[in-house]
Amino acid sequence: MTYRDSLAVIVVNWNSGRNLKRCVESLLAQVSRPRRIIIVDNASEDDSLASLDSLGCAVEIHRMERNLGFAAANNFALGLASDCAWVALVNPDAFAAPDWLAQLLEAARSHPEFTFFASRMLSDAAPTLLDGAGDVYHFTGLAWRRGHGRSAGARYLQWDEVFSACAGAALYHRDALLDIGGFDESFFCYVEDVDLGFRLRLRGHRCMYVPVAVVHHVGSASTGKDSDLSVYYGHRNLIWAFFKNMPALLLAAFLMPHLVANVCAIMKHVMHGQGRIAFYAKLDAMKNLRRVFEQRKHVQKARTVSAWRIAKMLNYRL
């Protein structure tokens, strides 16, 4: 494997239980073996790391003294992978098909105009359902995984350009990530990959959805689906991503729909008994907007594409 094709797989672990071993075993079974498998453990308190003892020295394990969050842990690993041109990010509850990496690398070779790549993610509990086929960014500042929860069947089998990739199973050119400074560590977890994808797009990078690169994904195995933690960080970070990244013309045009969407989100969570946590997520986001606008200055100054180009990649369906 040449440096051009060399690849490190990064797995950020936090109390992932038996899923971690299954994830790593799927990586070791790849027909195109990565140069390195780097596991960053965010001070787990379960036995997930112990489950890897039988794998010997096939993986690199880095134990953090505290939970750095998904964003900072990936940045740490990104700094370790200086001998690799590509990095693949995989959640510990995502299990790759044997040709997953091979398909992603072939896509990178065949489409050099793209620098990051999204996988076809299937629900592990119900493989006939899609977990995601790349990320969608809505003009209101909402974001979601394309096709999530829909029947897999013959859906989303076409190679498409998508807004960004779910970092639960994605391939990135390492230089592209370094170009934008990696993940925003203030996000801690949730929406950090959408923010990353937005900043990559602002710098002219493009994302390809690779339908033949398949993983099975449990989803929120550590934090809990629809938990207070996921609601808080998800809704706080959506506001930060919108205000930091949206070009000025689009920010002005979409500000009112963004505010309406956030009010509706709070009302939705009120009906599910999580109105308080959603409200405080939005409140904390607004309290930190001064810092976000300082970041915005640097992000927008570094932008190399037009607002129109960004606008064409947004979703406008209501």
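## Aromatic pairs

Two rings of Phe, Tyr or Trp count as a pair if their centres lie within 6.5 Å. By that rule, this predicted model holds 15 aromatic pairs. One of them joins Phe243 and Phe293.

Phe243 is buried, at 8% relative accessible area. Phe293 is partly exposed, at 32%.

Tyr137, Phe163 and Phe198 form one aromatic cluster.

## Charges over rings

Two arginines deserve a look here. Arg22 places its charged end over the ring of Phe95, 3.8 Å from the ring centre. Arg146 does likewise with Tyr209, where the distance to the ring centre is 4.9 Å.

## Nonpolar cores

The largest nonpolar core has 41 residues. Which of them touch the most other members? They are Val87, Ala165, Tyr172, Leu177, Phe183, Leu196 and Leu200. Helix H2 (residues 69-80) gives the most to this core, with five residues.

Take Leu196 as an example. Beyond residues up to four places away in sequence, Leu196 touches Tyr172, Leu177, Ile180, Gly182 and Phe183. Of these contacts, Tyr172, Leu177 and Phe183 are also named among the members that touch the most others.

A second core is separate and has 37 residues. Its members include Leu7, Val9, Val59 and Ala169.

## Helix packing: H5 and H6

Helix H5 (residues 192-202) packs with H6 at an angle of about 10°. Their axes are 10 Å apart. Angles under 35 degrees count as roughly parallel, so H5 and H6 are roughly parallel to each other.

Which residues make the meeting? H5 brings Asp195, Phe198, Arg199 and Leu202. H6 brings Ala241, Lys244 and Asn245. Phe198 is also part of the aromatic cluster with Tyr137 and Phe163.

Asn13 sits in strand S1 (residues 7-13). Is Asn13 buried or exposed? Its relative accessible area is 0%, so Asn13 is buried. Setting aside neighbours within four places in sequence, Asn13 contacts Leu20, Ile39, Val40, Asp41, Asn42, Ser44, Ser48, Leu49 and Pro92. The C-alpha atom of Asn13 is 12 Å from that of Leu89, which lies 76 residues away along the chain.

Asp131 lies in strand S7 (residues 130-132). Asp131 is buried, with a relative accessible area of 5%. Apart from residues up to four places away in sequence, Asp131 touches Met121, Leu122, Ser123, Arg145, His148 and His217.

Asn262 is found in helix H7 (residues 248-271). Its relative accessibility is 10%. Buried means under 20%, so Asn262 counts as buried. Leaving out neighbours within four places in sequence, Asn262 is in contact with Ile239 and Lys282.

Terms used
Residues numbered from 1 in each chain as written. Predicted model: local features only at pLDDT ≥ 70, side-chain atom pairs only at ≥ 80, totals over all residues. Heavy atoms only, no water. Phe/Tyr/Trp six-rings, centres within 6.5 Å; stacked < 30°, edge-to-face > 60°. Buried < 20%, exposed > 50% of the residue type's maximum accessible area, 1.4 Å probe, protein only. Lys NZ or Arg CZ within 6 Å of the ring centre and 35° of its normal. Core = buried A, V, L, I, M, F, W, Y, C linked by side-chain atoms within 4.5 Å. Helix = DSSP H or I, 4+ residues; strand = E, 2+ residues; numbered from the N terminus. Contact = heavy atoms within 4.5 Å. Axes fitted to C-alpha atoms, helices over the stretch in contact; angles between N-to-C directions. Parallel < 35°, antiparallel > 145°, perpendicular 65-115°, else oblique.
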